[in-house]
Amino acid sequence: MPRKGVTGHDEWVVTQALATALVALEQLPEKLQPRPHMDDLRKLLTAGCAPGSVNLHLAQAKCRLFPGRDSEAIYREYGLEAGRD
């Protein structure tokens with residue numbers, strides 16, 4: 001059976017990249033954040049995710065970017081229960 005897309009899981013790769021980029025940009029000082037681009041990233045992420053899963057992807061990305069932080073607190077920050085990574 002042929003692969004779908006380039007990697008066989010292109011949608012997942014793009015979803016993870018968008019979530020990670022958005023979380024990383026949120027860490028910049030507010031005056032340096034490219035808000036219009038961040039809004040576009042969020043729109044793309046929302047369009048590519050299952051309904052209601054955007055915050056899960058963002059929490060997972062933040063946990064990956066900051067492995068030393070309390071993952072339960074990160075999940076709560078996004079309105080989720082911990083341990084869903």
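One definition before anything else: contact means heavy atoms within 4.5 Å. Keep that in mind. This is a predicted model, where local features need pLDDT of at least 70 and side-chain atom pairs count only at pLDDT 80 or more, while totals for chains, interfaces and linings use all residues. Residues are numbered from 1 along each chain as its sequence is written, and side-chain values use heavy atoms, with hydrogens and water left out.

Which residues does Gln 16 touch, leaving aside its neighbours within four places in sequence? They are His 57, Gln 60 and Arg 64. Gln 16 itself belongs to helix H1. Is Gln 16 buried or exposed? Gln 16 is buried, with a relative accessible area of 9%. Here buried means under 20% relative accessible area, exposed means over 50%, and partly exposed lies in between, using a 1.4 Å probe and protein chains only.

Now the whole chain. It has 4 helices and 0 strands. Helices (H or I, at least four residues) and strands (E, at least two) are DSSP runs, numbered from the N terminus. In sequence order the pattern reads α-α-α-α. The C-alpha atoms fill a box of roughly 45 × 30 × 25 Å along the principal axes. Of the 85 residues, 29% are buried. Take the contacts with a separation of 6 or more: 42% of them join residues 24 or more positions apart.

Next, helix H3. It covers residues 54–65, which is 12 residues. From first C-alpha to last, H3 reaches 17 Å, close to the expected 16 Å. That expected span is 1.5 Å times one less than the number of residues. How many of the 12 residues in H3 are buried? The count is 9, so H3 is mostly covered. Among them are Val 54, His 57, Gln 60 and Cys 63. What covers the buried residues of H3? The cover includes helix H1 (10–26), helix H2 (35–48) and helix H4 (71–77).

Let's look at H1 against H3. Their axes come within 8 Å and cross at roughly 65°. That makes H1 roughly perpendicular to H3. Axes are lines fitted to C-alpha atoms, for helices over the stretch in contact, and angles run from 0 to 180 degrees between N-to-C directions. Angles under 35 degrees count as roughly parallel, over 145 as roughly antiparallel, 65 to 115 as roughly perpendicular, and the rest as oblique. From H1, the contact includes Thr 15, Gln 16 and Ala 19; from H3, it includes His 57, Leu 58 and Gln 60. The contact residues divide into 7 nonpolar, 5 polar and 2 charged. Ala, Val, Leu, Ile, Met, Phe, Trp, Tyr, Cys and Pro count as nonpolar, Asp, Glu, Lys and Arg as charged, and the others, Gly among them, as polar.

Then H1 against H2. These two pack at about 150°, with axes 9 Å apart. They are therefore roughly antiparallel to each other. Thr 15, Leu 18 and Leu 22 are among the H1 residues in this contact, and Met 38, Leu 41 and Leu 44 among those of H2. This contact divides into 9 nonpolar, 2 polar and 2 charged residues.

Last stop: Leu 44, which sits in helix H2. Leu 44 is exposed, with a relative accessible area of 52%. Leu 44 and Val 14 are 30 residues apart in sequence, and their C-alpha atoms lie 9.4 Å apart in space.
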